[in-house]
Amino acid sequence: MFNCTVPCSQLEEFTSVLEAAHKVTVLSGAGISAESGIPTFRGAGGLWRNFDATELATPYAFAANPSLVWEFYHYRRCIVAAAPPNAGHYALEALQRKCEHQGKLFTLLTQNIDGLHAKAGSSNVVELHGSMWRTRCCHCNNIQGAPEPMAKEANIPSMQLPRCKLCNGLLRPHVVWFGECLEVETMECAHNALEDCDLLLVIGTSAVVQPAAGFAPLVKAHGGAVAEFNTEDTPISDNCRFKFHGPAAVMLPTALGI
Ligand code: BJW
Ligand code: ZN
């Protein structure tokens with residue numbers, strides 16, 4: 001169990017840094033969706049049919065067994081389709097509206113592919129690792145929507161895997177796997193949001209996957225404040241001026257006063 005009370009002194013200091021900030025950036029990870037019932041990548045939630053989720057999120061896994069990898073993504077889309085955003089997602093949507101109303105710059109960067117921030121009403125979300133709701137043709141690179149899930153079936157035959165509308169090539173999830181580069185435009189958006197930002201909120205990420213794991217040290221190096229929201233300590237915890245230890249769906253509304 002978590003002790004979700006935040007010391008008044010930390011809350012007051014955080015509130016005054018937030019109030020004074022002109023540029024606020026948020027980085028979210030799998031932990032923010034945990035309370036919507038979506039398994040995280042690592043730790044207890046990170047297993048699917050005895051496979052480690054990180055082992056399936058690679059181009060090598062897809063090349064070796066596209067059927068298995070497609071089943072993994074169909075399964076996850078089924079879970080997400082039924083999942084409502086939680087109080088953490090809604091608190092960030094309210095923060096965005098408040099910041100924009102006050103004329104502040106606000107950017108939400110997410111490593112998640114679930115689309116729950118947008119479902120909660122957040123706008124201009126920068127999806128660093130793509131989206132489970134889009135697909136890309138392995139042959140002609142055309143980007144299209146996601147197919148109907150077929151998660152119940154094991155060993156989907158190759159010709160029944162999702163195919164491109166234009167060239168009938170094999171489709172893959174339009175996501176960024178290990179060893180692949182993030183899109184140039186996406187990285188530009190992230191760098192613009194991090195450059196000179198006064199406050200970075202880092203929420204529910206284990207902070208081990210690059211390039212996102214480097215964002216907090218970058219902001220700290222140029223003098224910005226970092227606030228971490230996590231149920232555990234992470235490799236970036238020592239870079240954080242504020243640490244809100246507990247579930248994001250509880251700690252975000254508390255810290256943001258929303
Ligand atoms: C809660 C909570 C609650 C729980 N409330 N908190 C050295 C060797 C080899 C490779 C590399 C290397 N150094 C760098 C690399 C490259 C690699 C990398 O970083 N590897 C590391 C693992 C070492 N990075 C890449 O390959 C990236 N590309 C790149 O760098 O290109 C250039 C390059 C290429 C090759 C070599 C070198 C450079 C691309 C990374 C793409 C990551 N893709 C995935 C899959 C996306 C699609 C999908 O979702 O299926 O993205 S992997 C997976 O990890 C997913 C996530 O977005 C990402 C981060 O995970 P996240 O969000 O942090 O989740 P968890 O589960 O790890 O953590 C959850 C956290 O929440 C925990 O801390 C909990 O405590 C907490 N929590 N409940 C608050 N209720
Ligand atoms: Zn195609």
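In the predicted model, a polar side-chain atom of R42 is placed 2.6 Å from an oxygen atom of ligand 1. The protein covers 73% of the 1,500 Å² of accessible area that ligand 1 has on its own (Shrake-Rupley method, 1.4 Å probe; for residues, only the protein chains shown count as cover). An oxygen atom of ligand 1 also lies 2.6 Å from an N or O atom in the side chain of T205, and a polar side-chain atom of H129 is found 2.8 Å from an oxygen atom of the ligand. Ligand 1 is surrounded by 34 residues, the closest being R42, Y73, T205, S206 and N230; a residue is near a molecule if one of its heavy atoms lies within 4 Å of it. This shell comprises 16 nonpolar, 13 polar and 5 charged residues (nonpolar: Ala, Val, Leu, Ile, Met, Phe, Trp, Tyr, Cys and Pro; charged: Asp, Glu, Lys and Arg; polar: the others, Gly among them).

The model is predicted, with local features requiring pLDDT of at least 70 and side-chain atom pairs pLDDT 80 or more, whereas totals for chains, interfaces and linings use all residues. Residues are numbered from 1 along each chain as its sequence is written, chains are lettered from A and ligands numbered from 1 in the order in which they are written, and side-chain values use heavy atoms, with hydrogens and water left out.

Helix α4 (residues 66-81) contains H74; helices (H or I, at least four residues) and strands (E, at least two) are DSSP runs numbered from the N terminus. H74 is buried, at a relative accessible area of 0% (buried under 20%, exposed over 50%, partly exposed in between; 1.4 Å probe, protein chains only). A polar contact of 2.6 Å joins the side chains of H74 and R77 (N or O atoms within 3.5 Å; within protein, one able to donate a hydrogen and the other to accept it, and residues adjacent in sequence counting only if both atoms are side-chain atoms).

The peptide bond from Q210 to P211 is cis, with omega near 5°, and P211 is located between β9 (199-203) and α8 (215-221). N124, in the loop between α6 (116-119) and β5 (126-127), has a positive phi near 50° and is exposed, with 68% relative accessibility. For N168, in the loop between β7 (143-145) and β8, phi is positive at about 65°; this residue is partly exposed at 43% relative accessible area.
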